[in-house]
Amino acid sequence: MTIIMVILLIFLVICAVAVSINKNLLNSILIFMSYSLVMSVVWIIIESPDLAITEAAVGAGVTSLLFFLTLKKIQKISPDSDLPDEEEDHE
Amino acid sequence: MSRKREEKEYQKSFPYRFSRWLKGEEDPFIGRLEMKPQVPRESPERHFDPSDYEDIKRRSRDHAHNKRWQGYGKLYQVSSVFICTALIALLVYAVSYLPPVGETGNPANNEVPERYITKGLEETGAVNIVTGMILNYRAFDTFGESTVLFVATGCVMLILMTGKSRGKRGTAEEGTGNGMAERTSITDTGDSMSEKISAEASGKRGILAEGSRSRRTEAGIQISVGTVGIETGNRVSMGIETGNQISKEIETGEPKTEETVGTDPILQVIAKLVCPAVFLFGIYVILNGHLSPGGGFSGGAIIGAGLILYTNAYGFEKTERFFTKKTYTGISVSALSFYCLAKSYSFFTGANHMENMIPNGTPGAIISSGLILPLNICVGLVVSCTIYAFYALFRKGGL
């Protein structure tokens, strides 16, 4: 159990660093989602299932959805191009 | 003793003129003021040349030749690294002084958790001690949290609500053109920009694409492109902003993606299978909050996520049949006020919050533990409504 816990915690640290380093906002949100999912597993391991349910529903589900919507609103996600972060130079 | 005035003197006085003006017999300004006929004021148009704009933009972002920019950039990098390192060092230093988790001698193990653990079941009647804590011992905290959610929705409404109702838009577009019905799904986005496009496109449609009756999406995009052309051609002076935005709009393809919402068959089939299970699980989590892990907040979040899935699959038309702004206001306000009334009885009974008027019942039964079950339902309602309201407000700028 300890080994699993250590692996999960290392994954958490990697995710947290990757969210801030990543240049692509969409990828950042996806990594953040996986962070929340792993965090909910960690909550179960340290015996707080209440928090695990809430983390899975809010952290991995709703918050990421709101982030996606915000990105769409500020037009950083476009279905056609693969580079959502490009500058607004097109006329 | 009153003095009788002469008629002529009275006619010069203010009350006489005022009464005549009031009755409409005479305009006090005609004949007394010098007047000029009004000249229609020229609208102050900014004369932007697009090449000027590009030049300014290019020069202001020229990193290589801007010494100040470079200096500030270096300063920014160095200071950010310094501040981050200092903060991390401080936090790690503080954490190293914390006692290890789970020790018996920790300061957190005082009489409060002891009371919660030993007497919690007896006093609150909730098998799940966490729910017993947050909805009985700490019920006022939870009330504050629910109110925060309500206030947050109010703030999002203030910022994002566009205030354009769907019915008004529909009638306005019906008036403008024939064959506009096929474009309603594009204009249902709620996005003000795409609305603008569709309005302009509908205005120009008669000129541009009278004969062409192609498919839905193609028609929309064609009209928009043509409109941009005419816009920039006719009014170059103000064409910078609108042209920029419209072209960006077309490049991102906003109307096209919005149109596909509610028509994806894969998503619809999956949602048909999953949605009832999600809703049932949410209701189960809420109702079993005092028996099993979970509670109002978790269950409400699950139900809210289910509502979002349903909306994504079937579109806003389906959800608007049962969830409107009126529904949101009614549910949230009634749930919060019930919570408030149910938990403020202690103010009227001598501020002894621990004493329960409602019997606790047998621990483990669904209907037990006094007020915790109704309070859980209240919190769940507020949370689920809030989450769906956030989604709807972010998505279309209205409920």
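## A buried leucine in chain B

B:Leu373 is buried, as 23 other C-beta atoms lie within 10 Å. A residue is termed buried if 20 or more other C-beta atoms lie within 10 Å of its own, exposed if 12 or fewer, and partly exposed in between, with C-beta atoms placed from the backbone. The model is a predicted one, in which local features need pLDDT of at least 70 and side-chain atom pairs count only at pLDDT 80 or more, while totals for chains, interfaces and linings use all residues. Residues are numbered from 1 along each chain as its sequence is written, and chains are lettered from A and ligands numbered from 1 in the order in which they are written.

B:Leu373 belongs to helix H19 of chain B; helices (H or I, at least four residues) and strands (E, at least two) are DSSP runs, numbered from the N terminus.

## Packing between the chains

Helix H3 (residues 49-73) of chain A packs on helix H19 (residues 372-396) of chain B at an angle of about 15°, with the axes 9 Å apart. Axes are lines fitted to C-alpha atoms, for helices over the stretch in contact, and angles run from 0 to 180 degrees between N-to-C directions. H3(A) and H19(B) are therefore roughly parallel to each other; angles under 35 degrees count as roughly parallel, over 145 as roughly antiparallel, 65 to 115 as roughly perpendicular and the rest as oblique.

The crossing of H3(A) and H19(B) is left-handed, a term used if the near helix is turned anticlockwise from the far one by less than a right angle, and right-handed if clockwise. H3(A) contributes A:Val62, A:Leu65, A:Leu66, A:Leu69, A:Thr70 and A:Lys73, and H19(B) contributes B:Ile387, B:Phe390, B:Tyr391, B:Phe394 and B:Arg395. By class, this contact has eight nonpolar, one polar and two charged residues. Ala, Val, Leu, Ile, Met, Phe, Trp, Tyr, Cys and Pro count as nonpolar, Asp, Glu, Lys and Arg as charged, and the others, Gly among them, as polar.

## Packing within chain B

H6(B) and H19(B) pack at an angle of about 85°, with their axes 10 Å apart, and are therefore roughly perpendicular to each other. On H6(B), B:Thr131, B:Gly132, B:Leu135 and B:Asn136 meet B:Ile372, B:Leu375 and B:Asn376 of H19(B). This contact divides into three nonpolar, four polar and no charged residues.

Helix H5 (residues 111-124) and helix H6 (residues 129-137) of chain B pack at an angle of about 70°, with their axes 10 Å apart. H5(B) and H6(B) are therefore also roughly perpendicular to each other, and their crossing is left-handed. The contact comprises B:Tyr116, B:Ile117, B:Gly120 and B:Thr124 of H5(B), together with B:Ile129, B:Gly132, B:Met133, B:Asn136 and B:Tyr137 of H6(B). By class, these residues are five nonpolar, four polar and no charged.

## Exposed and partly exposed sites

Helix H4 (residues 67-95) of chain B has 29 residues, of which the number buried is zero, so H4(B) lies largely in the open. At 1.5 Å a residue, H4(B) should span 42 Å, and its end C-alpha atoms are 42 Å apart, which agrees; the expected span is 1.5 Å times one less than the number of residues.

B:Phe281, in helix H14 (residues 265-287) of chain B, counts as partly exposed, with 16 C-beta neighbours inside 10 Å. A:Glu47 lies in the loop between helix H2 (25-45) and H3 of chain A and is exposed, with 8 other C-beta atoms within 10 Å. Most residues other than glycine have a negative phi. A:Glu47, which is not a glycine, has a positive phi of about 65°.

Chain A has three helices and zero strands, and 20% of its 91 residues are buried. Of the contacts in chain A with a separation of 6 or more, 43% involve residues 24 or more positions apart.

Chain B has 19 helices and zero strands, and 24% of its 399 residues count as buried. Among its contacts between residues at least 6 apart in sequence, 69% join residues at least 24 apart.

Notes. Two residues are in contact if their C-beta atoms, placed from the backbone, lie within 7 Å.
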